[in-house]
Each structure stands twice: as C-alpha cells, then as structure tokens.
Amino acid sequence: MTKNERTMNACDFDAGLRAKIESLLLPDVQTPGQYIGGEPGSVVKPAGAVRGRFCFAFPDLYTIGMSNYALQLLYAIINRRDDWVCERVFCPQPDMEGILRRNHLPLYSLETFTPLDRFDVLGFTMQYELCSTNVLTMLDLGRIPIRGDERTMTHPLVIAGGPAVFNPEPMARFIDLFVVGDGEEALPQICDAWLELRQSGANRNEALFALARRFPYVYVPRFYHAEMTTAGRLGRPRPTESGVSETIRRAVVADINAYPMPTNPVLPLIESVQDRISVEIMRGCPGGCRFCQSGPIKRPIRIRPVESIVTAARDACLATGVRDVSLLSLSSSDYPDFDALMARLRETLTPLGISITVPSLRVNHQLSGVTQALTTERSSGLTIAPEAALDAMRQRINKQVTNDDLLEGCRSAFENGFSRVKMYFMCGLPGETTADIDGIISLSQDIAFLGKSILKRFPAIVASVSNFIPKPQTPFQRDGMQRREYFSETHRRLREAKHVRAVQVKYHGLETSLAEAMIARGDRRMGEVIETAWRNGARLDAWREHFRPDLWHTACETAGVDLDAIVHSPYDTTEELPWEHISIKILEPL
C-alpha cells in the first residue's frame with residue numbers, strides 16, 4: 001500500500017453524505033462506530049486513480065463481518081492492484097435502516113461514503129442462508145433494484161459467492177451471477193471482464209451472457225429454467241440459451257500460497273465476535289464426514305508452509321498491536337506438520353506476549369497432545385465437535401473418532417489447566433435412536449465427573465446441540481429433515497435427562513433451523529418467499545431478537561410453497577435436485 005492509498009483526502013469522500021450521516025447517526029443509533037469507517041488498515045485510494053470500484057458486501061452486522069477471513073483476504077487482493085479499489089459495506093441495524101429511509105439517504109461504503117449504486121461491482125458473500133433478506137435490505141437501501149431483471153448497465157454488477165451459493169436457486173432472482181468456489185482468481189477476472197463489456201457498449205443481458213459463456217465457474221440464473229417434477233418440486237435447472245454450460249464447476253485455487261495472507265488487516269472500531277488475527281494454515285479437510293458441507297466444497301487439501309504461517313502471524317500482530325492469533329482451517333490438528341508449526345509459533349510469538357488459539361480441533365488420538373501445545377488462556381476452554389455421543393452413530397456419519405479419544409483428550413485438557421469444555425452435537429441425524437440422544441447427556445456428565453476427579457471441582461461443560469439439516473452437496477442431501485415434533489420431543493428428553501448442574505445444554509432455535517433448511521434446500525420458488533418475508537418486515541433473521549417466524553410462515557402460504565416437500569420429504573435416487581447443476585468436482589485449471 002502506498003502513502004497515497006493510506007491518505008484520506010476530503011476529495012475522496014462523498015463529503016455531503018458523510019456530513020449528513022454523522023449529524024444524524026451519532027446521537028440516535030446504537031454503536032455508531034460501525035457506520036463511520038476510518039479503521040486502521042482500511043484503504044482509501046485517491047479519486048480518479050482507479051478504473052474499477054468493487055464493494056465487498058457482507059450481509060450481516062459489522063461485528064460479524066469484520067471477523068470474516070474471506071473479507072480480509074479479498075479486500076487485500078483487490079487493493080493490491082493499482083487499477084481497482086475494494087471498499088466495504090455491512091447490513092445496518094434496524095435503527096440505522098430507519099434513519100436512512102426517513103432521511104432518504106442511501107447505504108454507502110465505509111471507506112468513502114459512496115452510495116452502493118455508484119460502484120462497478122457489488123459482491124455479496126453468502127456465509128449463511130438466514131442472511132438472505134439482508135441482501136435485499138442492502139440492495140434496496142443502496143438504490144439498486146432488488147430483482148436482477150430490473151437492472152440496466154447503469155447499475156453495478158451484483159454477484160455472490162460463499163458456501164450458501166452451492167444451492168443458488170433461492171437467491172436467483174436477486175443476484176446477477178454467482179461465483180462458485182474460490183474467489184482469489186475468479187473475482188478479479190470477473191471484475192475486469194465486466195468493465196470490458198461495459199466499455200464495449202453491450203447491454204446488460206448481452207454482458208451477462210458473455211460472462212456466463214466465458215467462465216465455467218459463473219452461474220447466471222436468467223439463462224436457466226427448471227421444470228416441475230412429479231413430486232411437486234422444481235428439478236435441475238437447464239440452459240435456455242445455447243453456449244452456456246449445463247454444469248457449473250467450482251473454481252479452485254491450486255496454490256493458495258500464491259496469495260499472501262493479509263498482514264495489515266482492517267481493525268474494527270468496535271468489539272467484534274472475534275478480535276484476533278486469523279491465519280489460514282490449510283484449506284480443505286481430510287475428513288469425510290457425511291453431514292458436512294464445508295469438506296466437499298473446500299477440497300482438495302492445500303497447505304501453507306510453516307514459515308509463511310509464522311511470518312504472517314508475527315507481521316500481522318506487529319502491524320496491528322493485536323496479541324491473539326487464531327489458526328484457521330476446517331481441522332487445524334490435521335495440519336501435516338502441526339507439532340512443528342506449534343513449536344515455531346510458540347518460539348516466535350510467546351516472547352512477544354502473543355497467545356495462540358486453535359478453535360477447530362479434531363477429536364482423535366492427537367487431542368491429548370494438542371491441549372499441551374496451546375498457549376491461549378486456559379480460562380477460554382477447549383472447544384471440540386464430537387457431533388454424536390455414541391461410537392456407532394459416528395461410524396454411520398463417518399466421523400472417525402471414539403469416546404476413548406474424547407475422554408483422553410479431555411483428561412489431558414484438565415491436567416493442563418483447562419476448566420471448561422464446549423462440545424458440539426447434532427440431533428436428528430439419519431438413523432438416530434433415543435440411545436443417541438441420551439448419550440449426549442451421559443457423555444457430558446462423564447466428562448464433568450472426569451474433570452472433577454482431576455480439578456477437585458466440577459468444570460463447566462457446555463453441550464451445544466444443533467438440529468441436523470441435510471445440506472446440498474453432502475452425502476445426506478437426498479434425506480429429509482426431521483419434523484418439528486421430533487425436535488421438540490428430543491429437546492424435552494435432553495432437558496429431563498440432565499441432572500448435573502455443571503453441565504449446560506444449549507439448543508439451536510427450532511424455528512430458526514426450519515427457516516434455514518427451507519432456504520438451504522429450496523428451489524427457485526423460494527425467491528418469492530424471501531422477497532415477501534422481507535417486504536413484510538423480515539430483518540436480520542440470524543439474530544434471535546430480530547427473527548420473526550410468523551413472517552416466514554405467512555410468506556410461504558402467500559407463495560403457495562409446500563414446505564413439507566422442500567424441507568422434510570426425501571428425494572428419490574432418480575429425482576433431480578434443484579442444485580444438481582452446481583458441481584463440486586474440481587475444475588483445473590481456472
């Protein structure tokens with residue numbers, strides 16, 4: 001980054017909008033620091049110095065988005081270029097949305113207070129299905145038509161990537177094109193191509209058609225159509241125009257080391273969900289858990305060298321003053337040189353007063369050794385994901401761990417000063433029995449008593465139980481989700497079985513899980529449901545205090561969508577899936 005890029009000149013801002021925002025929001029909105037920009041590490045390039053402007057749109061609150069590694073990585077990649085700039089925008093809270101609407105002001109980027117409709121490309125990262133209505137809020141506040149077919153070449157190209165786009169159909173009416181897979185190489189290619197097509201004089205339909213034909217990882221919904229199946233669901237979308245691919249294959253960056261990790265990340269002005277330096281050590285996962293979507297969509301495994309990880313962690317901490325490093329991967333303890341990595345990190349970071357957190361630990365024979373290597377505060381506890389409580393169920397879901405491994409790992413954790421263990425479980429897995437449910441409590445209480453025998457007092461044990469959703473692109477994708485009554489009974493059984501005060505059982509909200517499943521497993525008709533719910537007031541659905549299930553029930557009735565068919569009914573092996581045109585097979589090279 002050059003000195004000019006760091007300097008925020010008045011001419012770089014929409015000064016009039018900024019003045020209005022600052023005069024309105026400071027006294028009247030909750031946590032105004034999330035709307036004013038100016039964070040350390042943010043990039044503002046001089047007006048007119050770039051030919052393309054990209055805005056990274058995170059469809060959730062600032063406190064969530066600023067902890068997202070993809071945002072920091074792609075922000076750094078785009079801003080390293082001389083000819084493009086990347087700015088940021090997050091979904092506002094309802095009080096801020098109200099201020100913008102009452103005063104007829106647009107949603108804007110944090111770097112330069114530029115209204116969203118003035119960017120060349122607006123890119124959403126879809127990390128979670130329940131952020132879908134937030135996309136509509138941001139488009140509408142940004143003065144961009146929420147439906148793609150109402151936009152012209154005067155509007156930004158609206159794109160989306162992330163894990164939720166591996167079934168893009170529910171958001172098809174709102175997004176111009178979906179980028180399937182890794183974004184490091186795909187995003188700059190699309191941005192450059194869009195500017196070229198704009199300059200060529202092509203209209204929006206022609207430009208999108210050219211992008212759909214040029215890039216095999218790009219899905220443009222307007223050029224596809226799905227027919228209704230005999231089961232009352234839309235089947236696989238197929239091209240309506242010649243020249244676009246029947247199957248969209250994901251982009252895969254073969255060498256993630258070609259894209260350095262950000263060493264001067266943007267630091268939030270307010271407390272965020274994770275106030276640490278995240279350092280990606282590995283992409284992909286060697287496990288083959290049948291319930292997991294992240295594993296299949298992130299393959300193959302790609303490793304960062306030990307020294308590049310250590311250097312990035314040290315440099316980021318020295319540049320920012322942050323003194324906590326979190327190792328980022330789907331299963332950090334599966335990193336091939338994990339012991340060597342931990343030794344080098346301790347050797348380099350500990351003298352600087354920097355602690356190390358490993359949040360994604362595999363529950364296997366390595367766990368007992370890993371707990372000895374961690375330098376994070378012991379009071380933060382150990383977080384692991386056994387997923388099921390009985391070995392037989394873990395074998396069924398291909399989770400290659402045993403209770404012996406788990407107990408031995410927890411023993412080591414207690415012996416090394418940990419006094420809190422958080423475990424993630426699921427209920428509603430295919431083939432589940434009451435013994436599997438009862439086992440969650442039994443295992444949790446066994447660990448509590450194990451801790452007491454070592455610590456001479458009960459440790460805090462938290463069993464977090466989620467409601468299983470058969471996600472697209474997983475081996476369970478053709479299964480239906482268990483019904484409401486099943487989960488209600490399961491939650492009751494868990495509550496009544498617990499008798500050790502030190503064990504706390506938490507459940508994911510049932511209505512929230514059902515709404516998530518509806519969008520995750522839905523076809524293109526879900527677009528009408530999402531839009532209707534949003535127009536009726538659905539906002540920030542991932543947040544318990546904002547989520548209103550009645551709006552979603554009403555929207556489904558209005559749209560005539562059969563939720564039982566979408567969420568709970570299994571797919572026959574011969575029936576087409578709404579997301580079958582999206583392939584997780586590796587596309588090489590880009």
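Contact here means heavy atoms within 4.5 Å. The model is predicted: local features need pLDDT of at least 70, side-chain atom pairs count only at pLDDT 80 or more, and totals for chains, interfaces and linings use all residues. Residues are numbered from 1 along each chain as its sequence is written, and side-chain values use heavy atoms, with hydrogens and water left out.

Q: Against which elements do the buried residues of α15 pack?
A: Helices (H or I, at least four residues) and strands (E, at least two) are DSSP runs, numbered from the N terminus. Buried means under 20% relative accessible area, exposed over 50%, and partly exposed in between (1.4 Å probe, protein chains only). The buried residues of α15 include Asp436, Ile440, Leu443, Gln445 and Leu450. The buried residues of this helix pack against α13 (391-396), α14 (403-415), β16 (420-427), β17 (460-467), α16 (484-497) and β18 (503-507).

Q: What span is expected of helix α15 at 1.5 Å a residue?
A: The expected span of a helix is 1.5 Å times one less than its number of residues. Helix α15 (residues 434-455) has 22 residues, and its reach of 32 Å from first C-alpha to last is close to the expected 32 Å.

Q: Is Lys456 buried or exposed?
A: Lys456 lies in the loop between α15 and β17. Although not a glycine, Lys456 has a positive phi of about 70 degrees. Its relative accessibility is 67%, so Lys456 counts as exposed.

Q: How does Arg143 count in terms of accessibility, and at what percentage?
A: Arg143 is placed in the loop between α6 and β4 (157-161). This residue is not a glycine, yet Arg143 has a positive phi of about 65 degrees. Arg143 counts as partly exposed because its relative accessibility is 45%.

Q: Which residues touch the most other members of the largest nonpolar core?
A: A nonpolar core is a set of buried Ala, Val, Leu, Ile, Met, Phe, Trp, Tyr and Cys residues joined through side-chain atoms within 4.5 Å. The largest such core has 169 residues, and those touching the most other members are Phe124 and Leu177.

Q: What is the volume of the largest cavity?
A: On a 1 Å grid over the protein atoms alone, a cavity is a set of points where a 1.4 Å probe fits but cannot get out, and lining residues have an atom within 4 Å of a point. Grid points are joined across faces, edges and corners, and a volume is the space filled by probe spheres set on the points. There are three cavities of 30 Å³ or more, and the largest has a volume of about 120 Å³.

Q: Which residues does Glu129 contact, leaving aside its neighbours within four places in sequence?
A: Glu129 is among the residues nearest the centre of the largest cavity. Its place is in the loop between β3 (121-125) and α6 (132-141), and Glu129 is buried, with a relative accessible area of 7%. With those neighbours left aside, Glu129 is in contact with Ala164, Lys471, Glu516, Ile519 and Ala520.

Q: What separation do the C-alpha atoms of Val179 and Val165 have?
A: Val179 lies in strand β5 (residues 177-179) and is buried, with a relative accessible area of 7%. Val179 and Val165 are 14 residues apart along the chain, and their C-alpha atoms are separated by 7.9 Å.

Key:
On a 1 Å grid over the protein atoms alone, a cavity is a set of points where a 1.4 Å probe fits but cannot get out, and a pocket is an open set with protein on both sides within 12 Å along at least five of seven lines; lining residues have an atom within 4 Å of a point.
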